[in-house]
Amino acid sequence: MKNLFTLLTIALFSATSFAQENMAFQAKIDNRNGDTLFIRDNAGQIVQEIKINPKGMFQAQFPVKDGMYQLFDGEEYAQLYLKNGYDLSMTMDASKFDETIKFTGKGAKENNYLAEETMAEEKFEFDKVINLDAVNFNKVIAQKRTTDIDKMKNAGLDPNFVQLHQAYIERNLFGLQQYYTQVSANKALNNTMSASFDYENHKGGKTKLEDLRGKYVYIDVWATWCGPCRAEIPSLKLVEDKYHAKNIAFVSISIDEMKNHDKWVSFVSEKQLEGIQLMADKNWTSDFIQAYKINSIPRFILIDPTGKIVDADAARPSEPRLQQQLDSLLK
């Protein structure tokens with residue numbers, strides 16, 4: 001009897017220890033985008049892959065460090081807060097990803113909070129706020145900070161979650177303020193004369209902005225290594241084709257490093273890129289790039305026939321408002 005009691009005690013202790021040193025996660029996803037879920041840390045490293053089982057469920061037990069993570073289903077992301085000891089179940093319809101995420105089980109409260117906050121952020125009138133004057137913009141940001149933090153602190157959430165998520169809120173607001181500063185600087189360039197360029201043309205020789213006087217000029221600043229830049233290429237080709245007979249020149253300026261010059265040459269040829277294909281002389285530190293304070297790409301610029309800036313941060317080719325603007329200018 002003593003030995004049996006000892007064995008039961010050991011088994012119970014082992015099961016409790018395992019539960020404390022791991023967490024359990026399961027998900028039932030309708031209209032799923034794939035058969036594998038990926039859980040990534042904030043550095044983008046995959047900490048767990050969860051494959052669908054024969055019953056159509058995603059299930060796994062694994063150890064984690066308390067903190068924020070991302071769930072990636074192959075197409076979209078969701079924020080998670082995970083810690084050992086959690087027993088978390090998720091349901092979702094992937095065709096309505098953010099709108100349908102629900103959690104039950106231990107850890108559900110924090111993760112439902114994140115899901116609900118994601119929906120609230122989508123309703124935040126970002127475009128209106130970014131166009132406010134500085135005084136009113138700062139008022140909105142201050143109010144948003146107070147509202148978001150007070151709501152979180154009054155929700156009865158895990159203290160570690162509150163600490164981590166408050167830092168996340170502050171980072172997001174800081175990023176929004178930085179973006180507002182950049183947008184304001186871009187607006188200040190509108191209706192001023194554009195800086196010039198004089199760069200190598202893929203077809204031979206060099207091309208400068210003054211060569212295009214008398215035409216509107218739509219400039220795409222990009223690089224061969226830039227995924228979002230490449231994603232705009234099909235839309236840019238469509239726009240170029242639509243307006244090829246109009247009074248506008250389409251110029252693509254690569255900021256690839258000179259050591260990748262041949263890669264740029266080959267890429268332009270292989271992808272049959274249209275318009276005027278140029279390569280900046282000093283990548284990010286090229287005079288034209290510096291004049292526009294470009295620190296991320298793709299970046300699009302629209303210049304009028306006199307060389308004056310119409311829009312220092314123009315719409316992307318994939319955005320309908322670009323063609324709306326061009327239609328109004330190229331009558």
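**Close-up views of a predicted model**

**View 1. The lining of the largest cavity.** D220, W222, C229, I233, L236, K237, E240, S252, L273, E274 and Q277 line the largest cavity of this predicted model. Two elements each give two or more residues to this lining: strand 11 (216-222) and helix 8 (233-242). Helix 8 is the top contributor to the lining, with 4 residues. Sorted by class, the residues around the largest cavity are 5 nonpolar, 2 polar and 4 charged. If you are looking for others, the structure holds 1 cavity of 30 Å³ or more.

**View 2. The largest pocket.** The largest pocket has a volume of about 630 Å³. Its lining counts 25 residues, and those closest to the centre are Y179, V183, N186, D313 and R321. Helix 4 (126-130), helix 6 (159-189) and strand 14 (299-303) are the elements that each supply two or more lining residues. Which element gives the most to this lining? Helix 6 does, with 5 residues. By class, the lining of the largest pocket has 10 nonpolar, 6 polar and 9 charged residues.

**View 3. The second largest pocket.** About 390 Å³ of space lies in this pocket. It is lined by 21 residues, of which Q79, T118, E121, Y168 and N172 are the closest to its centre. Strand 6 (77-82), helix 3 (108-123), helix 5 (134-153) and helix 6 each give two or more residues to the lining. Helix 3 gives the most, with 6 residues. The lining of the second largest pocket divides into 12 nonpolar, 4 polar and 5 charged residues.

**View 4. The loop between helix 10 and strand 14.** Two backbone details can be seen here. A cis peptide bond joins I297 and P298, with omega at about 5°. P298 is found in the loop between helix 10 (287-291) and strand 14. K293 lies in the loop between helix 10 and strand 14 as well. K293 has a positive phi of about 55°, although it is not a glycine. Is the K293 residue buried or exposed? With a relative accessible area of 56%, K293 counts as exposed, because the cut-off for exposed is over 50%.

**View 5. The loop between helix 9 and strand 13.** Q272 is found in this loop, which runs between helix 9 (261-270) and strand 13 (276-279). Phi of Q272 is near 50°, a positive value in a residue other than glycine. At 60% relative accessibility, Q272 counts as exposed.

Conventions: Residues numbered from 1 in each chain as written. Predicted model: local features only at pLDDT ≥ 70, side-chain atom pairs only at ≥ 80, totals over all residues. Heavy atoms only, no water. 1 Å grid on protein atoms, 1.4 Å probe; cavity = no way out; pocket = protein on both sides within 12 Å on 5 of 7 lines; lining within 4 Å. Points joined across faces, edges and corners; volume = space filled by probe spheres on them. Nonpolar A, V, L, I, M, F, W, Y, C, P; charged D, E, K, R; others polar. Buried < 20%, exposed > 50% of the residue type's maximum accessible area, 1.4 Å probe, protein only.
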